[in-house]
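Work through the following exercises with the sequence and the model at hand. Each task is followed by a solution in steps.

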Amino acid sequence: MASLPIEILMGIYLGLLVGVIPALVSWALGFIFKYFTGVSVPGFGVVVLAIALAGVSGGLLALADRSITQAPNAERVVTAILLVGMVSMYAHSKGDQLGANFPKRLSLKGLRDKRLSADVVEFVGGRDEVRIQIVGEVADMEGYPPLPEPLRAEIRGEEWRFPADLRIGELERRMEERLKSEFDLGDVAVTIDEQGRASVVAAPPFSGLSKRVGDGRHAVSVDALLPTGLARNDEVTVLTEDAQVRGTVVSARSAETDDETPVETPDEPTVADAEQPSAPIRAPTTDGGEGRLTVAVTRTDVQPLLRSAAPKVVVEPRGTHREYELVSLLRRAGSRFRRLTVRAAGPLDDTTLSDARVRDTYGVAVVAIRKPDGWQVAPHGTATVEAGDELYAVGGRDALDDFEEAVA
């Protein structure tokens, strides 16, 4: 008889050898049951089945069989049985997890409509958020010049946080918009997986002025007194002697600073340069004072600007976002928004809001209903709800959880 360590090693080898088939069966059971029924197979039953498949008479009862526990190679057999049980349990948990997360329809639209995994949701500042992490290098977009390395590093180092209830497709769209606005990228494409990992393909900022001017617009430059903080894409009104011209800023430069002039770097970096931290890349703004402004205007507004000797620049507001104030007030009161889809044969299917007594029964208020033919905002109690309709409800977190569990 070999020594105890040798017997244990032989048991591990034997367990791995005979545990392959039971592990595959355990994984398949966990995946199939979770995928098709949404039910998890009890782990104890899977272990019993796996040990039986390994050829051990009696399954787990073999550990109490005197013919096995008192055999000359008892340590080897017991170690193999325990190892088969652990491997099958691990395979079952992985199959169950994959069955829960695997899309029911393998289509690009289905993947884009999924939400991120609950593992990446964080509770920050009173609400659930997800942090998107850029993995790998920020790739260059085909057909465009390569990105400058400082800009590439700046994009990778930025922190991206979004509300946790957004679907993957909406997260990709919002991240693309933020990348374009914050880094002035010419074009960008973002792909996000269910673990919140993003792959970014980007084009550098457009250098040609003509690419920044939309169709039906013309760029006109004027010398004027510029306000501090004026930046590209701001909406301004230029007051001339005989007209008021509204346009979009495509370039602004104060007399003291030149934001449009590229910074020249030496061919060989020096030690002093290496020790200096790289300056963050931000959208250039004016420092105020006399300067030169280029705006995109309609064709009829070109002549008034060109004739003006002393135009005046007024920055136009983009409007007040009342929806943000509303959300802030609701959060302070402990309320939340939730979007959910009514399931078939549920308590809200083919009924009205008043008959379902939504406010009294669940403690939430339905503020909007989205049907295939359009929206119903602030619906009355006589509004009919059917399976497939999207409801936007307001209420406490626990009340919304109970409401979603009951009707969605």
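A residue counts as buried under 20% relative accessible area, as exposed over 50%, and as partly exposed in between (1.4 Å probe, protein chains only). The model is predicted: local features need pLDDT of at least 70, side-chain atom pairs count only at pLDDT 80 or more, and totals for chains, interfaces and linings use all residues. Residues are numbered from 1 along each chain as its sequence is written, and side-chain values use heavy atoms, with hydrogens and water left out.

**Exercise 1.** Classify Trp27 and Phe31 as buried, partly exposed or exposed.

*Solution.* Step 1: the relative accessible area of Trp27 is 35%, so Trp27 is partly exposed. Step 2: Phe31 has 16% relative accessibility and therefore counts as buried.

**Exercise 2.** Determine how the rings of Trp27 and Phe31 are arranged.

*Solution.* Step 2: in the pair of Trp27 and Phe31, the ring centres are 5.4 Å apart and the planes stand at 0°. Step 3: rings of Phe, Tyr and Trp (its six-membered ring) pair if their centres lie within 6.5 Å; planes under 30 degrees apart count as stacked, over 60 as edge-to-face and the rest as tilted. Trp27 and Phe31 are therefore stacked.

**Exercise 3.** Describe the packing of helix 2 and helix 5.

*Solution.* Step 2: axes are lines fitted to C-alpha atoms over the stretch in contact (heavy atoms within 4.5 Å), and angles run from 0 to 180 degrees between N-to-C directions. Step 3: angles under 35 degrees count as roughly parallel, over 145 as roughly antiparallel, 65 to 115 as roughly perpendicular and the rest as oblique; helix 2 and helix 5 are therefore roughly parallel.

Definitions and conventions. Helix = DSSP H or I, 4+ residues; strand = E, 2+ residues; numbered from the N terminus.
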